[in-house]
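Visitor: Please show me the model. I would like to ask about its ligand and its pockets.

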Amino acid sequence: MRILVTGGAGFIGSNFARLVTKERPEWETIVLDKLTYAGNPANVRDLRAMQGFSFVQGDICDKALVGDLIPGCDAVVNFAAETHVDRSLAGADDFVRTDILGTNTMLEVVRHHPRIRYLQVSTDEVYGSLPTGSAVEDSPLNPGNPYSASKAGGDLLALSYHRSFGLDVVITRSSNNFGPYQYPEKVMPLFLTNVLEGKPVPLYGDGMNVRDWLFVEDNCRGVLTVLEKGVSGEVYNIGAGNELPNIEVTMMILDAVGASSDMIRYVEDRPGHDRRYSLKCDKIARLGWAPSGDFPGQLSRTAAWYRDNRAWWEPLKSGEFKDYYRRMYEGRRGYSETSPVSG
Ligand code: NAD
Ligand code: TDX
């Protein structure tokens with residue numbers, strides 16, 4: 001079995017590549033990654049010495065390269081994407097390019113090798129904000145920001161290649177992942193590392209937006225389950241049922257690193273901020289997958305990882321990140337480095 005893991009130098013892709021080399025040691029794993037700002041060779045450094053693992057730097061939009069790599073594979077798992085909602089609000093060109101055109105480039109190559117299984121990694125955000133209830137796999141898509149709209153475009157293309165050309169396509173839609181190796185722009189590593197640097201944490205709006213928190217290793221086991229057992233043409237939600245308002249998660253994060261609520265700054269909200277995501281996950285449960293549970297324990301292990309791995313994240317928060325942080329936060333209503341501001 002040879003698999004191509006695109007985006008495998010990012011957060012979830014590198015955790016997935018690590019899981020596969022451990023649990024399926026007989027497989028050959030090729031990581032293809034462009035190494036954008038979010039891709040980091042350090043995320044897979046430990047894997048490079050493993051037999052059967054290889055790394056290729058390149059773009060999923062590069063049809064010639066993808067056309068060289070895919071034909072010898074049995075499966076493709078497409079994690080590669082632009083992934084940060086706030087960046088998509090600042091400009092969506094890269095999102096449309098990678099998440100839609102890149103997906104299409106891969107599908108066009110797979111189309112000529114129809115025995116290959118293609119797994120498209122997607123997100124609960126494609127269902128949009130749900131005031132009540134939980135999304136099932138055939139709920140309407142109602143993306144609310146350019147990131148989720150681009151991801152929905154990728155999903156629909158993948159499903160259309162299944163229906164039009166019989167490609168062996170499966171899709172996973174997971175909720176918010178957290179754990180080791182997450183780029184520190186996302187809320188959990190941003191807040192943890194800010195506090196470790198003595199900086200405040202910028203909480204958007206009233207802090208009552210709800211996300212369902214899924215430990216990255218659970219998601220990776222879910223992706224592997226769908227890759228091996230999923231029915232062709234089907235979509236599988238992956239969530240852990242840890243639905244919490246952001247303020248509660250923030251308090252847990254602060255607690256995990258021994259800080260108090262004085263570190264919270266309520267800042268101007270994200271435009272179009274989806275209020276609540278929620279997934280029903282009975283379908284993947286029927287394939288034998290279940291989340292491992294213990295959200296507080298997973299969060300405190302995650303906090304310990306960031307506390308113990310400053311050498312991993314400190315370089316990521318220097319250079320370009322400082323400009324990003326300044327642009328994104330420092331002019332925002334309610335933001336202050338020094339004194340607490342309420343409300
Ligand atoms: P990430 O931003 O940490 O990593 C993305 C990786 O893709 C990076 O290594 C980057 O270099 C690579 N990449 C970007 N554009 C590329 C291109 N054109 N060609 C090749 N490589 C490219 O993202 P992540 O959080 O690990 O997310 C992985 C996947 O999971 C994405 O498809 C995302 O939409 C999906 N997802 C993420 C979450 C989450 O909570 N993080 C939740 C649900 C779904
Ligand atoms: O500084 C912040 N302050 C804040 O209050 C940031 C960065 C976020 N937030 C809020 C916004 C969200 O309600 O925290 C919540 C989580 O935000 P993000 O970490 O940016 O994730 P989200 O927008 O929910 O999207 C994530 O989950 C679905 C991933 O980034 C996507 O890639 C994934 O598809």
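**Ligand shell and pockets**

Guide: This is a predicted model. At least two residues of the shell around ligand 1 come from each of α1 (11–23), β5 (117–123), α5 (146–165) and β7 (176–178).

Visitor: Which element gives the most to the shell around ligand 1?
Guide: The shell has 28 residues, and the closest include I12, D33 and K151. By class, 11 of them are nonpolar, 13 polar and 4 charged. With 3 residues, the element that gives the most is β5.

Visitor: Which side chain has an N or O atom 2.7 Å from an oxygen atom of ligand 1?
Guide: A polar contact needs N or O atoms within 3.5 Å. A nitrogen atom of ligand 1 lies 2.9 Å from an N or O atom in the side chain of D59. For an oxygen atom of ligand 1, the side chain with an N or O atom at 2.7 Å is that of Y147.

Visitor: What volume does the largest pocket have?
Guide: Its lining has 14 residues, and N15, L19, K22, F215 and E217 are the closest to the centre. By class, the lining of the largest pocket has 4 nonpolar, 3 polar and 7 charged residues. The volume of the largest pocket is about 280 Å³.

Visitor: Which element supplies the largest share of the lining of the second largest pocket?
Guide: The second largest pocket has a volume of about 210 Å³. Of its 13 lining residues, those closest to the centre are E137, D138, L159, R163 and V235. The largest share of this lining is 4 residues, from α5.

Key. Residues numbered from 1 in each chain as written. Chains lettered and ligands numbered in written order. Predicted model: local features only at pLDDT ≥ 70, side-chain atom pairs only at ≥ 80, totals over all residues. Heavy atoms only, no water. Near = heavy atom within 4 Å. Polar contact = N/O pair within 3.5 Å; in protein donor to acceptor, adjacent residues only side chain to side chain. Nonpolar A, V, L, I, M, F, W, Y, C, P; charged D, E, K, R; others polar. 1 Å grid on protein atoms, 1.4 Å probe; cavity = no way out; pocket = protein on both sides within 12 Å on 5 of 7 lines; lining within 4 Å. Points joined across faces, edges and corners; volume = space filled by probe spheres on them.
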